[in-house]
Amino acid sequence: MRPFITLLVLAFLGGCSPLQQQAQDSLLSTLPDRRGVTYDDMRTYPGGVVCGDYTASSVMGYSKRTRPFIYHEGHVFNRPGANEIA
């Protein structure tokens, strides 16, 4: 129970909404290397949409890239195309 309370407090201190946390967790599940992932410019929109940028290591871990992502209805698009952006 104690780890849950700690995570809850950290989420509130970080200003991260539950929907944004779901988006982060969903995005992490799609990445080959989950270490050191950072998030920027995360915004929540009506209809349960979260957009933002994430920075993650390449598959081999040699470089980091920043890319946009979109989260909607339990699905994450970590390389959104024109259809997802629209």
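This is a predicted model: local features need pLDDT of at least 70, side-chain atom pairs count only at pLDDT 80 or more; totals for chains, interfaces and linings use all residues.
1. The largest share comes from β2, with 3 residues. Sorted by class, the lining of the pocket has 5 nonpolar, 3 polar and 3 charged residues.

2. Now have a look at how the strands are put together. β1 and β2 run antiparallel and are paired over 6 bridges. As an example of who faces whom, Asp40 stands opposite Asp53 in β2. The two strands β1 and β2 make a hairpin, with 3 residues between them. Check Gly47 in that turn: its phi is positive, at about 90°.

3. On to the next pairing. β2 and β3 are also antiparallel strands, and 9 bridges join them. Here you can pick out Ala56, whose bridge partner in β3 is Arg65. As for β2 itself, this strand is mostly covered, with 7 of its 9 residues buried.

4. How many aromatic pairs does the structure hold? There are 2. One of them joins Tyr39 and Phe69: the ring centres are 6.3 Å apart, the planes are at 70°, and the pair is edge-to-face. Tyr39 sits in β1 (residues 38-45) and Phe69 in β3, so this contact ties together parts that lie 30 residues apart in sequence.

5. Phe69 turns up again with Tyr54. Their ring centres are 6.2 Å apart and the planes meet at 65°, which is over the 60 degrees needed, so this pair counts as edge-to-face. Why does this pair tie together parts that are 15 residues apart in sequence? Because Tyr54 belongs to strand β2 and Phe69 to strand β3.

6. Are Tyr54 and Phe69 buried or exposed? Both are buried. For Phe69 the relative accessible area is 1%, and the cut-off for buried is under 20%, so Phe69 falls in that class. Taken together, Tyr39, Tyr54 and Phe69 form one aromatic cluster.

How values were computed:
Residues are numbered from 1 along each chain as its sequence is written. Side-chain values use heavy atoms; hydrogens and water are left out. Helices (H or I, at least four residues) and strands (E, at least two) are DSSP runs, numbered from the N terminus. Ala, Val, Leu, Ile, Met, Phe, Trp, Tyr, Cys and Pro count as nonpolar, Asp, Glu, Lys and Arg as charged, and the others, Gly among them, as polar. Rings of Phe, Tyr and Trp (its six-membered ring) pair if their centres lie within 6.5 Å; planes under 30 degrees apart count as stacked, over 60 as edge-to-face and the rest as tilted. Buried means under 20% relative accessible area, exposed over 50%, partly exposed in between (1.4 Å probe, protein chains only). Two strands pair if DSSP finds at least two bridges between them.
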